[in-house]
Amino acid sequence: MSYPGMFCITPLFHTAAVRPPIMKRQPREAIMSDTIGVFETPSLEATRERMRTLLSGLLPAFEIDMKAELAHEINRLKKQMNAVILGHNYMEPALYCSVPDYTGDSLELARISSETEAEVIVFCGVQFMAETAKILNPEKTVLIPSEKAGCSLAEAITAEDVRQLKAQFPGVPVVSYVNTYAEVKAESDYCCTSGNAEKVVRYLLEQGHNQVIFLPDEYLARNTAHEVGLEFIFPPENGVHGDGAMAEKKPAMIGWPGRCEVHEKFEVEDIERVRKQFPDVAIVAHPECSPEVVALTDYTGSTKQMIEYVRRVDAPRYLLLTECSMGDNIAAENPEKEMLRLCSVRCPHMNQITLEDTLEGMRNLRHQVSLSEDIIKRARLPIDRMLAIV
Ligand code: 13P
Ligand code: SF4
């Protein structure tokens, strides 16, 4: 499907109304000591000043000042509650650069949540991420600012689907992407994230398996299968082994037709158009994009790996094929680098997480993640196995 609105490269349509042009700002090192988000807020004035410096090209001044008040109150409350705030890389810039103690991709945040000593974990991300934090910290209070922060991948598969697949392919290990709900993880043998999918699958191949069930993201599965040299197949529709690869137990990755509603929108034509206009652009994609798109990019990796690529590699300009707030966050962190800000695709679930709701959630201990003991116990195993591999 062609999606002409994804990248508007005609100057007339350059999404100025949505994305104002970047203004030159001070390098981040001059204003912040460590990674974005890891700073104290001694006063409202200091919070406001920092946010103005980081966000001045991204948001109008009145909005920055309003958000600085919310951020200051959240940070005050955070200390009072002995809470830690974890912020996914897709958080909107004002939140991302003001309240999280740690920012990162799913893997990094899962690791951090397993090590925190805070009593309360406030997860500024989506439901499956907050659930993972709860599974790793059953005794702690885990809050998510909005109950509406789902995920199209997590919605794509149920625990019953996994049980049926296991019956269909006995003995074949099930790897579930971390973008699944706890009930699905509880039926799985291993978890993986976009940052370690290849390592987890390679580990299983080294253990002597030649088939792996990989759920639920079709594109991540296809991209990973390509990396490790496995054929990608869907389960036969009639529910039995059928013929071909399965009957002979040929090496294969058995996938599922789940898609990320954000990353599936990027298309080959979008990249070709951008490359035509900016031949020297470095294009960096998330592996939830289709294999055809990934094949045309310079680098593919998790959100953290994409950020690190931009930090590490000197290119005249960069284009990110992922949720668009992350481009803004990288722009705020790397004012000297030119980010092509051609897209306006936000994840509708990540977008639910606001400073306003974060504050309300903390004030009222609202939207606590709650999972049964049985699910926590069973879902922990594949997560622990993943963390032990990578
Ligand atoms: P990362 O684990 O790469 O941060 O990705 C999470 C996600 O939801 C991507 O759409
Ligand atoms: Fe889910 Fe896609 Fe949103 Fe990530 S960007 S949370 S995979 S819908």
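## The sheet around β10

Strand β10 (residues 281-285) pairs with β11 in the parallel sense, over two bridges. Within this pairing, V284 has Y299 in β11 as its bridge partner. Helix α13 (residues 303-312) packs on the sheet and touches β10, β11 and β12, with its direction at about 160 degrees to that of β10.

The model described here is predicted. In it, the three strands form an open sheet with parallel pairing, in the order β11-β10-β12. The edges are taken by β11 (299-300) and β12 (317-321); each has a single partner strand, so one side of each is left without a neighbour in the sheet.

Strand β1 covers residues 83-88, and six of its six residues are buried, so the strand is largely enclosed by the rest of the structure. Both of its faces are covered. A83, I85 and G87 are buried on one side, while V84, L86 and H88 are buried on the other.

Residue L86 takes part in both pairings: its bridge partner in β3 is F123, and in β2 it stands opposite Y102.

Residue L153 lies in the loop between β4 (141-143) and α6 (159-168).

Leaving aside residues up to four places away in sequence, L153 touches Y177, N179, P216, D217, G258 and C260. L153 and L215 are 62 residues apart in sequence, yet their C-alpha atoms are 9.2 Å apart in space.

## The shell of ligand 2

There are 13 residues around ligand 2, of which C151, S152, C260, V262 and C347 come nearest. C260 is also one of the residues that L153 touches.

## Confidence in the model

The mean pLDDT of the chain is 88, and 86% of its residues reach 70 or more. Over residues 8-39, however, the pLDDT is below 50; this stretch has 48 contacts in the model beyond near neighbours in sequence. For residues 1-5 the pLDDT likewise stays under 50, and the model has four contacts beyond four places in sequence for them.

Technical notes. Residues are numbered from 1 along each chain as its sequence is written. Chains are lettered from A and ligands numbered from 1 in the order in which they are written. This is a predicted model: local features need pLDDT of at least 70, side-chain atom pairs count only at pLDDT 80 or more; totals for chains, interfaces and linings use all residues. Helices (H or I, at least four residues) and strands (E, at least two) are DSSP runs, numbered from the N terminus. Two residues are in contact if their C-beta atoms, placed from the backbone, lie within 7 Å. A residue is near a molecule or strand if its C-beta atom, placed from the backbone, lies within 6 Å of it. A residue is buried if 20 or more other C-beta atoms lie within 10 Å of its own, exposed if 12 or fewer, and partly exposed in between; C-beta atoms are placed from the backbone. Two strands pair if DSSP finds at least two bridges between them. pLDDT is the predictor's confidence in each residue, from 0 to 100. Axes are lines fitted to C-alpha atoms, for helices over the stretch in contact, and angles run from 0 to 180 degrees between N-to-C directions.
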